[in-house]
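Here is a friendly briefing to read with the model open beside you. It goes through a sheet, a helix and a helix pair in turn.

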Amino acid sequence: SIMINSNPETVSTDYDISDKLFFEPLTLEDVLHVVRSVNPKGVIVQFGGQTPLNLAKDLWKAGVPILGTSPDAIDRAEDRERFQEIVEKLGLKQPESDIVTTVEKALAVARKIGFPVLVRPSYVLGGRSMEIIYDLETMKTFISQVLKLFPGNPILIDKFLEDAIEVDVDAISDGTMTVIGGIMEHIEEAGVHSGDSACILPPLTLSKKILDTIQVQTRMIAEELQVVGLMNIQYAVKGGELYILEVNPRASRTVPFVSKAIGIPLAQLATRVMLGSRLTDLGFTSQVWPKHISVKEAVFPFNRFPNINIALGPEMKSTGEVMGIDLTFGSAFAKAQMATGAGLPAGGTVFISVHDYHKDKIIPVAKEFADLGFTILATRGTAQHLNEGGVKAGIVHKVSEGRPNVVDHIKNGEIQMIINTSIGRRTSVDAFHIRQSAIRYNIPYATTIAASKATSAAIRSLQHNEWGISAIQDYYR
């Protein structure tokens, strides 16, 4: 086996995974130089993320044999218009969307499908320049900026499904049989990049009807595309309905997590499938439903970049990930947080300041922290809403309201946990100072309601000493 990799660090711990290793840029020209040098019987493009997938069609046109899913099938999944044809043919649901190339068309589409909308340039990596937009003025400014950054590229506009649960599915197919490796429920709602959102395997809140529908639709898509190897699908669940967001006919970043969670080496099996083996020959013919809970959590570099906005959104910010495994969600999530280096407080004071849109949703979360023995402090508007909702909350000044303010309390070690949410890209000056102080003084924080709920479950587990340590193989028995 011969690997082409432009980043030495990603293979530094597995230097013997291939017989030969080329440190070359992943461009068509450089890859073709290697191909002509070694004359391979076949090339696998599924294990390098989006970059090699983008090269598949041109490599195929140059006469390079592509193993696994065909370049045309890859294009059918990647091309928005061709994929729309598949969605309609199979009778699947997808958020209303359109493709634009001008500011005027973008504004017209936004008026037609209604705000909020998710805007993203096509052919970008890591969710770069993606944004959830709530009004026409912001839309006009943002589209103008994107057209300057990516001249000539079409811009995709999708109806954003607020308060939807996002779901990641990794599956493997040999062209005739498709087996789901794992169904992962995101902890953060749809709108946070899948690389930044914590996720749970197996899912905890999805109904049997939704799970059955996910399995049926995943197999339908794999069969239609004639997938050979790995495939990742991102769904959203809203109002009891399943919507398909995107299909990636390749290995996703979640494959290592799923493989460890279920005890099955998916990448190894996919390689054998691409080389001609059948899943029946490999003994992997049905989905594994582990009895334990696995949580994947993202690791962020915010302490290295003091002026970055730490609020999560559709543009990916994480630089790594960890996982926690236990028999309960709270304990697994607590372990994942510890692995990121963020300790969770067993008691103390929680500071809460949320956007008006989240004020009703934060009340049950605040009640949970109060039940755990925490004192609640909040900015004036949030405190008033909490007190009216039956949660005793003290008032603390915003930075702009004078001193002592919330940042002073953080500096003095009087706040042990921070919950601070916002909507869209805009973040107030006060919120910026709060989040920067959280990083500077290493205070655990949550910028979404879902992360706040998960954190309270983890703290409850820690308070009750529910978690333990076991050899990982014990979980597969």
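**Sheet, helix and helix pair**

Ser294 has Ile325 of strand 13 as its bridge partner. This is a predicted model, in which local features need pLDDT of at least 70 and side-chain atom pairs count only at pLDDT 80 or more, while totals for chains, interfaces and linings use all residues. Residues are numbered from 1 along each chain as its sequence is written, and side-chain values use heavy atoms, with hydrogens and water left out. Helices (H or I, at least four residues) and strands (E, at least two) are DSSP runs numbered from the N terminus.

**The sheet**

- Strand 12 (residues 293-299) pairs with strand 13 in the antiparallel sense over seven bridges; two strands pair if DSSP finds at least two bridges between them.
- Both belong to an open sheet of seven strands with antiparallel pairing, in the order 11-10-7-8-9-12-13.
- Strand 11 (241-248) and strand 13 (320-326) are the edges, each with a single partner strand, so one side of each has no neighbour in the sheet.
- On average, neighbouring strands of this sheet are turned by 25° against each other, direction ignored.
- Helix 11 (residues 329-339) packs on the sheet and touches strand 8 (178-189), strand 9 (199-201), strand 12 and strand 13; contact means heavy atoms within 4.5 Å.
- The direction of helix 11 makes about 145° with that of strand 13; axes are lines fitted to C-alpha atoms, for helices over the stretch in contact, and angles run from 0 to 180 degrees between N-to-C directions.

**The hairpin**

- Strand 10 (residues 228-238) and strand 11 run antiparallel, joined by seven bridges.
- Val237 stands opposite Leu242 in strand 11.
- Two residues lie between strand 10 and strand 11 in this hairpin, and Gly239 in the turn has a positive phi of about 60°.

**Helix 1**

- Val31, Leu32, Val34 and Val35 are the buried residues of helix 1 (residues 28-38); buried means under 20% relative accessible area, exposed over 50%, and partly exposed in between (1.4 Å probe, protein chains only).
- Glu29, Arg36 and Ser37 are exposed on the other side of helix 1.
- The cover over the buried residues of helix 1 includes strand 1 (2-4), strand 2 (20-22) and helix 2 (50-61).

**Helices 12 and 13**

- Helix 12 (residues 359-371) packs against helix 13 (residues 380-388) at an angle of about 65°, with their axes 10 Å apart.
- Lys359, Asp360, Ile362, Ile363 and Ala366 of helix 12 meet Gly381, Thr382, His385 and Leu386 of helix 13.
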